[in-house]
Amino acid sequence: MKPLRIGSRGSILARWQAEFVRKQLFQLTGVEAEIIIIKTSGDKMQQQPLTQLGGKGIFIKELEDALLEESIDIAVHSVKDVPTDVPPQFAFPAICRREDVRDCIVSGNGATLLNLREGARVGTGSLRRQAQLRHIRPDLDVRDLRGNVDTRLRKVEAGEYDAVMLAKAGLDRLGWSHRISETLSPEVCMPAVGQGALGIECRGSDNETFAALEKLDDAETRAAIIAERTLLSVLQGGCQVPLGAWARMERDQLVLDACVCSIDGLQYVKQRDSAPPDQARALGERMARLLIDAGAQDILEEVSRQRG
């Protein structure tokens, strides 16, 4: 098989992820690959809050354009950046084995979430994290923060923020776990749909590449991702809704926890359900109904009105 071209965003974390896939591909299939850096809309507009950018897929559109133009053969994404409505010309033959799903706190003085001073400045670009932070600590000054992982960490070091909230998996991958002040359990802060998982995309018509990438697929992770993304799709949410979800295998059952939180943190609903892993899609649909019955629809409609 000819060498493949892997498309990646240019951040230090995205390049790490692409290199990880390149090595896995060679180890499992013997197929060589090179990495091609592509700048996405989300990368170009670093100063605007994600909630104001609008549109879905701002971190993957240019990569998908490159796939269609056949200037790359594969695109590597963080699953949480991928919209739920994947166009039919694309396919995801592989969802790699998931890393740690949890969020974490990196603070300037090593303080944990509950030990941060009253009114402490905490940065995150995620509406989900902002809402859950306000639910736990309504006294905090939660501020919108964009930028790559290293940029955000520098802002804490410079004292611009008392702490930032990040995905633990990203820090683990970069070898920066020692910077973590506290890892938050999903009971405290529910992770994003797809958090900690990498998805590998190719053209749906590229059967040879599809067959090679399938060897990198992890069935347990795929079942979890299907359940979480089905839930997100039914609730009609993009990546910027205050929805947290975590599916995982426990005693041969796929267990799904999920929550919806208002932007101010005052309204919060949470549910749990389970099903056999081959019923992941039905589990996600059922969870959406459970959340709606508990009041999630009203919260999401209010969020939509607030964002205008």
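This is a predicted model: local features need pLDDT of at least 70, side-chain atom pairs count only at pLDDT 80 or more; totals for chains, interfaces and linings use all residues.
Modeller: Let's start with helix 11: on the face turned away from its buried side, helix 11 carries the exposed residues Asp-298 and Arg-305.

Biologist: OK, and which residues of helix 11 are buried?

Modeller: Those are Ala-296, Ile-299, Leu-300 and Val-303. Looking down the helix axis, these buried residues fall within an arc of 95°, so they line one face of helix 11.

Biologist: What do the buried residues of helix 11 pack against?

Modeller: They pack against helix 5 (127-136), strand 12, strand 13 and helix 10.

Biologist: And how far does helix 11 reach from its first C-alpha to its last?

Modeller: It reaches 17 Å with 12 residues, close to the 16 Å expected at 1.5 Å a residue.

Biologist: Switching to the largest nonpolar core, which residues touch the most other members?

Modeller: Out of 28 residues, it's Leu-231, Leu-235, Leu-243, Leu-254, Val-260 and Leu-291. Among the elements giving two or more residues to this core are helix 9 (219-234), strand 11 (243-250) and helix 11 (296-307).

Biologist: What's in the second, separate core?

Modeller: That one has 16 residues, including Val-21, Ala-33, Val-76 and Ile-200.

Biologist: Back to Leu-254, what does it touch?

Modeller: Leaving out residues up to four places away in sequence, its contacts include Ala-223, Ala-227, Met-249, Pro-277 and Leu-283.

Biologist: New topic: is Asp-81 buried or exposed?

Modeller: Asp-81 is buried, at a relative accessible area of 14%. You'll find Asp-81 in the loop between strand 3 (74-78) and strand 4 (90-95). Not counting residues up to four places away in sequence, Asp-81 touches Arg-9, Gly-57, Phe-59 and Ile-60.

Key: Residues are numbered from 1 along each chain as its sequence is written. Side-chain values use heavy atoms; hydrogens and water are left out. A nonpolar core is a set of buried Ala, Val, Leu, Ile, Met, Phe, Trp, Tyr and Cys residues joined through side-chain atoms within 4.5 Å. Buried means under 20% relative accessible area, exposed over 50%, partly exposed in between (1.4 Å probe, protein chains only). Helices (H or I, at least four residues) and strands (E, at least two) are DSSP runs, numbered from the N terminus. Contact means heavy atoms within 4.5 Å. The expected span of a helix is 1.5 Å times one less than its number of residues. The arc is that of the directions from the helix axis to the C-beta atoms.
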